[in-house]
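Please look at the sequence and the model shown here before reading on.

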Amino acid sequence: MALKTILHLSDLPNLDHVPEIYSTCFSKGLDLNRASSFRIPKFMVIGHRGHGMNILQSSDSRMKAIKENSILSFNSAAKFPLDFIEFDVQVTKDDCPVIFHDDFILTEENGTIFEKKVTELCLAEFLCYGPQKETGKEGKCLYRKTKDGKFVKWNVETDDSLCTLQDAFQKVEPSLGFNIELKFDDSAVYQQDHLLHILQVILQVVFEFARDRPIIFSTFQPDAAQLVRKLQNNYPVYFLTEGGASIYYDVRRNSLGEAMKVCLEGGLQGIVSEIKGVFKDPGAVPKIKDSNLSLLTYGKLNNVPEAVHMQYLMGIDGVIVDFVEEISQTVDDMIKPAKEMTTEGKGESEANSKLQFSQKELSFLLKLIPELIQF
């Protein structure tokens, strides 16, 4: 497994002056203490890249139903009882935040696949790919590279145009929260001024168009996580981790314990972990909660209702999922007895809610799961 290099924030110049500069520009009329007092009120369901990510080689039609990270996908997700949608934001070379997951965008010309880095395109070039908004105009055909190295056409049942972060704020159901993943290239080393510039460009759009929409920032880049927390105090910041599923040169990315350190050192509000990392180390959950940090998870296992129910019992705060209809219904069924408890009293309804396992049975399952989970 390749080792990856990342610049450590402690190696950078002191940034204590940055929050004052930024709050002067963008925080007018906003509660600067909102992020520090952020609490998740209930078990949350978050739509992964909107209505769900695309896996083009999957035999499951749900993974190819709607183009991921599109306005159509976001508004389709909004039809279900979700709290947030998650999507990936990168910044083009002419300083426009766009929504796209992969580092490279692929197309085919004369039988040859060409790839271009998203951050090296200007906005007009980026929007030339895929379906076009202008009637009669044809965009460049999008391809994607599979894990086994094959190139496949990015064909989905219902396609949609690529979009910008501003588009999402203006065209997506306003009550739906945004989990904005700040996307960076794992293989790149980012200088402080470049990181700062990228984050300021994104924050400018957020502060201009977010209004009352709930926002969560998240990123795998530990320095970016700490810096965006330093730049603003309006929205909570979560550190993304694979929880040990991959090994990086930067040890801060290699375990839940290291993720906790990043959060506590930077004043972040929580962790988003690959669920296998949590199931492999369930003892980390109470430590995270005792540190007053929130814990969300992502990963394919979150599309399995039983795995989601287990996380609810463990005290995890929410899940990022692809099968938004099925999992939102599962979660509604899980928490419904708890709601009924307020009108019917404690007794049977409570037994049907969180006490479907005895404490002894839950303890046994938490010991068994790490043996079953293999990275």
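Predicted model: local features only at pLDDT ≥ 70, side-chain atom pairs only at ≥ 80, totals over all residues.

Which residues form one aromatic cluster? The cluster is formed by Phe74, Phe87, Phe169 and Phe178.

**The chain as a whole**

The chain contains 13 helices and 14 strands. It has 375 residues, and 54% of them count as buried.

**Aromatic pairs**

Across the whole structure, a search finds 10 aromatic pairs. One of them joins phenylalanine 184 and tyrosine 190: the ring centres are 5.2 Å apart and the planes stand at 75°, so this pair is edge-to-face. Both phenylalanine 184 and tyrosine 190 are buried.

Phenylalanine 220 and tyrosine 298 make an aromatic pair that is also edge-to-face, with 6.2 Å from centre to centre and 85° between the planes. Phenylalanine 220 sits in the loop between β10 (215-219) and α6, while tyrosine 298 belongs to strand β13 (residues 294-298), so the pair ties together parts that are 78 residues apart in sequence. Phenylalanine 220 and tyrosine 298 are both buried.

**Helix α6 and its two partners**

Helix α6 (residues 222-231) packs with helix α5 (residues 192-209) at an angle of about 55°, and the two axes are 10 Å apart. Because of that angle, α5 counts as oblique to α6. The crossing of α5 with α6 is right-handed. On the α5 side the contact is made by Leu195, Leu196, Leu199 and Leu203, and on the α6 side by Asp223, Ala224, Leu227, Val228 and Leu231. By class, the residues of this contact are 8 nonpolar, no polar and 1 charged.

How do α6 and α7 pack, and at what angle? Their angle is about 25°, with the axes 10 Å apart. The helices α6 and α7 are therefore roughly parallel to each other, since an angle under 35 degrees counts as such. They too meet in a right-handed crossing. Here α6 contributes Pro222, Gln226 and Arg229, and α7 contributes Val262, Glu265 and Gly266. The residues of the contact of α6 with α7 divide into 2 nonpolar, 2 polar and 2 charged.

**Helix α7**

Which residues of helix α7 (residues 256-266) are buried? They are Leu256, Glu258, Ala259, Met260, Val262, Cys263 and Gly266. The elements against which the buried residues of α7 pack are α6, β11 (237-241), β12 (270-274), α8 (275-280) and α9 (284-290). After α7 comes glycine 267, which has a positive phi near 70°.

Most residues other than glycine have a negative phi. Asparagine 110 has a positive value although it is not a glycine, and arginine 211 is another such residue. The table sets out the two.

| Residue | Phi | Loop | Relative accessible area |
|---|---|---|---|
| Arginine 211 | about 55° | between α5 and β10 | 71% |

**Glycine 139**

Glycine 139 is placed in the loop between α3 (123-126) and β6 (142-145). Its relative accessible area is 22%, so glycine 139 is partly exposed. Where does cysteine 128 lie relative to glycine 139, in sequence and in space? The two are 11 residues apart in sequence, and their C-alpha atoms are 5.3 Å apart. When neighbours within four places in sequence are set aside, glycine 139 is in contact with Cys128, Gly130 and Gln132.

How values were computed:
Residues numbered from 1 in each chain as written. Heavy atoms only, no water. Axes fitted to C-alpha atoms, helices over the stretch in contact; angles between N-to-C directions. Helix = DSSP H or I, 4+ residues; strand = E, 2+ residues; numbered from the N terminus. Parallel < 35°, antiparallel > 145°, perpendicular 65-115°, else oblique. Left-handed = near helix turned anticlockwise from the far one by under 90°. Contact = heavy atoms within 4.5 Å. Nonpolar A, V, L, I, M, F, W, Y, C, P; charged D, E, K, R; others polar. Phe/Tyr/Trp six-rings, centres within 6.5 Å; stacked < 30°, edge-to-face > 60°. Buried < 20%, exposed > 50% of the residue type's maximum accessible area, 1.4 Å probe, protein only.
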